[in-house]
Amino acid sequence: MTAKLFTGGAGPATDRTVVGENLSLPLFRTLSGVLAGHPYLKVVVDRTENTWHLLDTGAHPFHVNYIATRVLGMDLTALDADLDGFNASVYMDPGRRFLLGVLSLHTDEEPDGRERTFLVLETTEADTMHGELLTFFYEFVRARVDGRLPLLLKPANHGQEEELSTISERVVPRILSHELFGSRTRTPLNPGEATGRLRFFRTHEEYAAAEAGLGWADIVAMPCLPDDVPRVAGFLNTAPITPLSHTNVLASGWGIPNAIVRDLEQLVEKNGLDGAWVRYRVGEDEISLQRLDHEPALRAPAWHQQRIRLEPPLLEDAPVLSLHRLRSADRDRYGTKAANLGELHHVLDSRTADLTSFYGRPRPPRDDLYGHLAARLGLSAPPADELRAKAAAFVAATVGAPEGVALPFALQQRFLVSSPALQQGIGKLKMALELDATDVLDSLCLQLQHLIRHTPVPESVNRQISQAFPVSAASRGRLVVRSSSNAEDLPGFSAAGVYDSVTTVRGTGELLDAVRQVWASLVSPRSVRLRHQVGISLDDTYMGVIIQEYVPASLGGVLVTCNPTRREDFRNVYLNCSPGSPEQVVDGSVLPQQYLYNTVEGGGRTVALGSWGDGLPAATRARLADLSLTGRLLQSHFSGTDVDKPLDIEWLMTERGDFRLVQIRPYAL
């Protein structure tokens, strides 16, 4: 077929889209845009006409719009009226006419140090091409691309990986997503912009020596920031971390930029950036660090004037209750974590909550996503009540809520007023906060924490704990004692990782020690400073406690019902996991496996293998897809009136293969 150049017609006058022409590197650069730092080009293979279209990226941001208007002669109104049906015809029909993909240009380093340039071909994440189509697609493109450029196929989801597993790599050379991006030099974690002074630390010891002098105008850079980093202007990591680490949750909650820049040390040395004033920007596609010629005139950030309002805690006598007896309204007596777990019990047991409302929100040009949800649940055009019932049943069959008891704020209050020494310590701390005496704040907090940990628990308080969680239960094995404060999981104040949980408790003696440790974490230097910065009074802050039997886990982790690095993405949820408990994921002690799961069209893909060389078995990944859809459905209930507010869910998979959700809270965006 004769090559032709589109220069007008229905498209923009600058449209340089090419049909039927072989692709050279100069032509690629002419037509390409840039995504995540890599030049890329959209391609459409027309199997009926035996040709392909190389789309001018600037003129044609969407494959389907181009096919509909430029190839099939449709108008956009007709396309929008049946967009999901059209998408299914080009992404999911096994006998489809069009094959849609993206070519991106990459470089890596050969063992001898030379730079290698290569192309990567991939489809969209929702594409369900079977092995034969993937092979045809690759061979068609390979025959039309400059033979001097290596071409690799990157499967876009786990389904394509399975299809390719039976096809020789000599036939279809390939590269997996985590192989392509796992060693990426620069990775955005939380978008934002900051102007401040760059403070670069090569080791934790260097950081610790300077920590006391860090201020709100500093941008802290080091291999991996500690969870107790103070509130500053921005974060930079030189070693890999996950977007679901505690420090990135803090960055998201604080609204500050955060990124991985592996070559930062070289940039610092080359440009003299340590201690320099810089403008730091993190976007989805670009990370920049610009040195300023002079110290800018900065005003204190908005959070200096921010004031977080707490609902008044209820301190009258309240019983120790099993978690399944709590509801979300009990947060003012038992704390947010306990109340949310109680609400989870209610959702799973009653099956009366509407878990479909996220899918009912319009996503233009779609009126709603109910049809997609029905497909995920194995239904075909069900009435609304049937869809809701099926969603509730699916969630109840997929996950369970942890058993345990919740200690109310009233028990902590009775403990605190039982000791004159504790009252005196609290009084001194309040006075220091009122006078803004920051020089003595840390020492007063540490003294008060020591008192709390070693003051005897009144017999009446001890009795309530023991009766609710008797010796027979406590003596069976290991317990987990978790914090549940009223000063966390708030709009503008997440407090992720700020309060203590104790996961190695055995017997009633250790149980009381663990409860006091959790109570004491409410007055740690860091928690007191963070609350004071946003105007949360010590008088209004209380700590409930959750006590649970330890459940051994074969797999554990965190999922957030959004894509943290792409805010406009309403399809995907981000899931991290590692063998064992979720704590390893959130505390950064290991680099977890990372996955994205599409909760609209379905499918998932591996982002990173973390500290493990092998990915999870296909059957386990399928279970994680069910867990991800469950998280999305729970978002409809736990996010209140704004169903687009994502959730942060800690979970574990028991040794029997069951899922338990151990925490549900808002994820700050």
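Predicted model: local features only at pLDDT ≥ 70, side-chain atom pairs only at ≥ 80, totals over all residues.

Reader: Good to know. Then where is D489 found?

Author: D489 is found in the loop that links strand β19 (478-485) to strand β20 (502-506). Its phi is positive, about 55°, although D489 is not a glycine.

Reader: What about R351, what is its phi?

Author: R351 also isn't a glycine, and its phi is positive at about 55°. You'll find R351 in the loop between α12 (336-350) and α13. With a relative accessible area of 48%, R351 is partly exposed.

Reader: Nice. Changing topic: I'd like to look at helix packing. At what angle do α17 and α18 cross?

Author: The axes of α17 (residues 420-434) and α18 cross at roughly 160° and come within 10 Å. That angle makes α17 roughly antiparallel to α18, since angles over 145 degrees count that way. The crossing of α17 past α18 is left-handed.

Reader: Which residues meet there?

Author: On the α17 side they are A421, L422, G425, I426, K428, L429, A432 and L433, and they meet V440, L441, L444, C445, L448, L451 and I452 of α18. By type, the residues of this α17 and α18 contact divide into 13 nonpolar, one polar and one charged.

Reader: How far apart are the axes of α18 and α21?

Author: They are 8 Å apart, and the two helices pack at an angle of about 155°. So α18 is roughly antiparallel to α21. This crossing is right-handed.

Reader: And what makes that contact?

Author: From α18 come Q449, I452, R453 and H454, and from α21 come R516, Q517, W519 and A520. The residues in this contact of α18 with α21 split into three nonpolar, three polar and two charged.

Reader: Which angle do α18 and α22 make?

Author: About 130°, with the axes of α18 (residues 438-454) and α22 (residues 525-533) 9 Å apart. That makes α18 oblique to α22. The crossing of α18 past α22 is right-handed.

Reader: Who touches whom in that pair?

Author: T438, L441, D442, C445, L446 and Q449 of α18 meet P525, V528 and R529 of α22. The residues of that α18 and α22 contact comprise five nonpolar, two polar and two charged.

Reader: Now the inside. Which residues touch the most other members in the largest nonpolar core?

Author: L429, I452, W519 and I547, out of 62 residues in that core. Helix α21 (residues 507-520) supplies the largest share of the core, seven residues. Another core lies apart from it, with 40 residues, including L377, A391, L559 and C577.

Reader: Back to α21 for a moment. What does E510 contact, beyond its neighbours within four places in sequence?

Author: E510 is in contact with T504 and V505. E510 lies in helix α21 and is partly exposed, with a relative accessible area of 39%.

Reader: One last thing: how far apart in space are G507 and G497?

Author: C-alpha to C-alpha, G507 and G497 are 25 Å apart, and they are 10 residues apart in sequence. G507 has its place in helix α21, and at 22% relative accessibility G507 counts as partly exposed.

Note on methods
Residues numbered from 1 in each chain as written. Heavy atoms only, no water. Axes fitted to C-alpha atoms, helices over the stretch in contact; angles between N-to-C directions. Helix = DSSP H or I, 4+ residues; strand = E, 2+ residues; numbered from the N terminus. Parallel < 35°, antiparallel > 145°, perpendicular 65-115°, else oblique. Left-handed = near helix turned anticlockwise from the far one by under 90°. Contact = heavy atoms within 4.5 Å. Nonpolar A, V, L, I, M, F, W, Y, C, P; charged D, E, K, R; others polar. Core = buried A, V, L, I, M, F, W, Y, C linked by side-chain atoms within 4.5 Å. Buried < 20%, exposed > 50% of the residue type's maximum accessible area, 1.4 Å probe, protein only.
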